[in-house]
Amino acid sequence: MRRHLRAMIEQRDRGAALILVIGIGALVTALLTTAIVVAVSGARHARDDADWQGALSAAYAGVEEYQSRLAADPGYLRYGNASSPFTASSTVIADATNAAFGIGAAGTWASVPGSAGTAEFRYETDISTFDSDGTIRLRSTGRVGDETRTVVADLRQAGFLNYLYFTDYEIEDPALNGQPDSCVRYAWAGRLASCGATIVFSGGDQIRGQVHSNDVIHACDATFYGPVSTAYNPPTGERYVRSGSGCNPDFRVKDPARGNSPALLGVLGMPETNSEIRTDALDGGCLYTGPTTVTLNSNGTMTVRSPWTKVTRPGAAVPVPTACGRVGTASGQLGHSAGATIPVPNGGAVFVQNVPTSTTDPNGWRSNQAPHTCPTNGNGVGYPTSGETVPAAIDGTAAYGCRNGDLFIQGRLQGQVTFATENYLYVVGNTTYVDRDRDMLGLIGQGMVWVRNPRINSYVDSPNRTIDAAILSLHSFAVQNTDKTGDRNGTLTVRGSIAQSFRGIVAQSSGYIKDYQYDARLRFRSPPHFLSPVTTAYGVTTWIETSPAMDATGGYR
């Protein structure tokens, strides 16, 4: 009996142990299964996270690859895929060799170099505003695995508008002082001392923005508040020349390697002509002929006097649109002494050309023809004024030639427009913006851009002068009659940017102290149809990540 009872007890204990073993085994199995699931899920999450990060890098790689194409061929901006909804507003040329222009599920993707095909990108271009503000908008989508990310970048040329003050040669224009063409050479490349003295940034000058010179900068006690650069690179020492023994210019942004010195930057090439703006003026702008005056009115109009003009848009269906003013000498017309008042061609260009002598030209006049009588020393639109000290002719071109493509401008601008001339451009009075956040003015002279300083009867005409504009002269930006005796004027304030082939004299005996202030908007925008350097790279001015434009299959979201 005892033996039977003990057997029953042992059998019961073995059953309980078995149940315990089975329970523990099940628990271990569950834990192992959970661990495996967590591990697999974590690996998948880590992989997805890596793909997500990689997709953004691939999108950035697309932007950089497009920039490299522009650097190799600036005209590449005209290529794209017209079937892209992002590009649809632009006129583009197809490039079947560029896989990054693919769209749709069947379209191609470009591979990121070094990724073995695991990272890819596509990009789409929008150049609809390029002709007006110089901006290319690029939308780049990167793909890694099942992840896509998209960035939109605005690209602009790194050009003259990056600088408050840009000069190609730090000497007076050889055309002004009768020096030979051999003087058109940088000092660091062997320009002779006989070519004339280098113009100096003098004491009291306040330069509030970025400065670049392809030549050697000479300075005294001027203050440079922004970065300064030059193509001059001596083996040691400062990359500028002190203009006197007691001169101590202050470079507030100092070169880390050379202390109180400009930084090194290569040569930025100047264009040879501004004639492309004439073409732009025929497309929605205005072409004027001969000496022309423009007074900008604060209500968004401008009053134009241009007696020689016959046709303002040659070749157009309406060659003399009322938007550019009616021709003739009656009241309210371009040839009348009070001129014609018209809206500013907002977003357009205005070009003033020399009077053509060919009778086949729509604006041509024979040498013995004239719409008015030219004064012996005048131009028929009011210059020179009585008692004015008339500057000498330059290379045979009179200061106020009766048939010159000269513009005389002043006033308050409401709008965005660029004015350009085949000859001289004169700023004859304060020229400012109504709204400095919205309005934008470009002034481009094939010849000199003059700040008028008539020295009437040897006296100061204007103690101070203010100009709001991006200024470019393919000769010089200068003040008239700075070499005359008498009192010096006050301050010349330029709020914008200045670029010129040769340093123009602003101070000397009877000019102005400089107060130049950079318009920071010019880093991101430009006046309509403004000129760019002949060789330059495109840089990103702004970029932002947006919702993915495409999914991993290539279809638009």
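**Figure 1. A disulfide between Cys-286 and Cys-324 in the predicted model.** The torsion about the S-S bond of Cys-286 and Cys-324 is about -90 degrees, so this disulfide is left-handed. The structure shown here and in the other views is a predicted model. The sulfur atoms of Cys-286 and Cys-324 lie 2.1 Å apart. Distant parts of the chain are linked by this pair: Cys-286 belongs to strand 15 (residues 286-289), whereas Cys-324 sits in the loop between strand 17 (301-305) and strand 18 (340-343), 38 residues apart. Cys-286 and Cys-324 are both buried.

Figure 2. In one of them, the sulfur atoms of Cys-183 and Cys-195 are 2.1 Å apart. The angle about the S-S bond is -85 degrees, and the link of Cys-183 and Cys-195 is left-handed. Cys-183 and Cys-195 both lie in the loop between helix 3 and strand 6, so the pair ties together parts that are twelve residues apart in sequence. Both of these cysteines, Cys-183 and Cys-195, are buried. Another disulfide joins Cys-220 to Cys-247, with an S to S distance of 2.2 Å. A torsion of about -80 degrees about the S-S bond makes the disulfide of Cys-220 and Cys-247 left-handed. Cys-220 is in the loop between strand 9 and strand 10 (223-224), and Cys-247 is in the loop between strand 12 and strand 13 (250-251), so parts that are 27 residues apart in sequence are tied together. Cys-220 and Cys-247 are buried.

Figure 3. The strands are arranged in the order 6-9-12, and their pairing is parallel. Strand 6 (200-201) and strand 12 (241-242) stand at the edges with a single partner strand each, so one side of each has no neighbour in the sheet. Strands of a sheet pair through backbone hydrogen bonds, either parallel or antiparallel. Strand 6 pairs with strand 9 (residues 218-219) in the parallel sense over two bridges. Phe-201 has Ala-219 in strand 9 as its bridge partner.

Figure 4. Glu-170 is found in the loop between strand 5 (165-169) and helix 3 (174-177). Is this residue buried or exposed? Glu-170 counts as buried because its relative accessibility is 1%, and buried means under 20%. The side chains of Glu-170 and Arg-503 are joined by a polar contact of 2.7 Å. Beyond its neighbours within four places in sequence, Glu-170 is in contact with several residues, among them Thr-198, Phe-201, Asp-215 and Arg-503.

Figure 5. Glu-120 lies in strand 2 (residues 119-126) and Arg-143 in strand 3 (residues 136-144), so that the pair links distant parts of the chain, 23 residues apart. Glu-120 counts as buried at 17% relative accessibility, and Arg-143 counts as buried at 16%. The side chains of Arg-139 and Glu-124 also meet in a salt bridge, at 2.9 Å from N to O. Arg-139 is in strand 3 and Glu-124 in strand 2, so this pair ties together parts that are 15 residues apart in sequence. Arg-139 is buried, with a relative accessible area of 16%, and Glu-124 is buried at 3%.

**Figure 6. Two nonpolar cores.** The largest nonpolar core has 70 residues, of which Tyr-288, Met-302, Phe-419, Phe-477, Leu-492 and Tyr-516 touch the most other members. Strand 25 (residues 465-479) gives the most to this core, with eight residues. Leaving aside residues up to four places away in sequence, Phe-477 touches residues including Val-449, Ile-471, Leu-492, Phe-502 and Tyr-516. A second, separate core of 26 residues includes Leu-77, Val-92, Leu-155 and Tyr-538.

Figure 7. Ile-394 lies in the loop between strand 19 (348-353) and strand 20 (407-413). Ile-394 is buried, with a relative accessible area of 11%. The C-alpha atoms of Ile-394 and Gly-178 are separated by 8.7 Å, although these residues are 216 residues apart along the chain. Apart from its neighbours within four places in sequence, Ile-394 is in contact with Ala-175, Leu-176, Tyr-424, Met-448 and Trp-450.

Methods. Residues are numbered from 1 along each chain as its sequence is written. This is a predicted model: local features need pLDDT of at least 70, side-chain atom pairs count only at pLDDT 80 or more; totals for chains, interfaces and linings use all residues. Side-chain values use heavy atoms; hydrogens and water are left out. Helices (H or I, at least four residues) and strands (E, at least two) are DSSP runs, numbered from the N terminus. Buried means under 20% relative accessible area, exposed over 50%, partly exposed in between (1.4 Å probe, protein chains only). A polar contact is a pair of N or O atoms within 3.5 Å; within protein, one must be able to donate a hydrogen and the other to accept it, and residues adjacent in sequence count only if both atoms are side-chain atoms. Contact means heavy atoms within 4.5 Å. A nonpolar core is a set of buried Ala, Val, Leu, Ile, Met, Phe, Trp, Tyr and Cys residues joined through side-chain atoms within 4.5 Å. A salt bridge is a side-chain nitrogen of Lys or Arg within 4 Å of a carboxyl oxygen of Asp or Glu. Two strands pair if DSSP finds at least two bridges between them. A disulfide is a pair of cysteine sulfur atoms within 2.5 Å.
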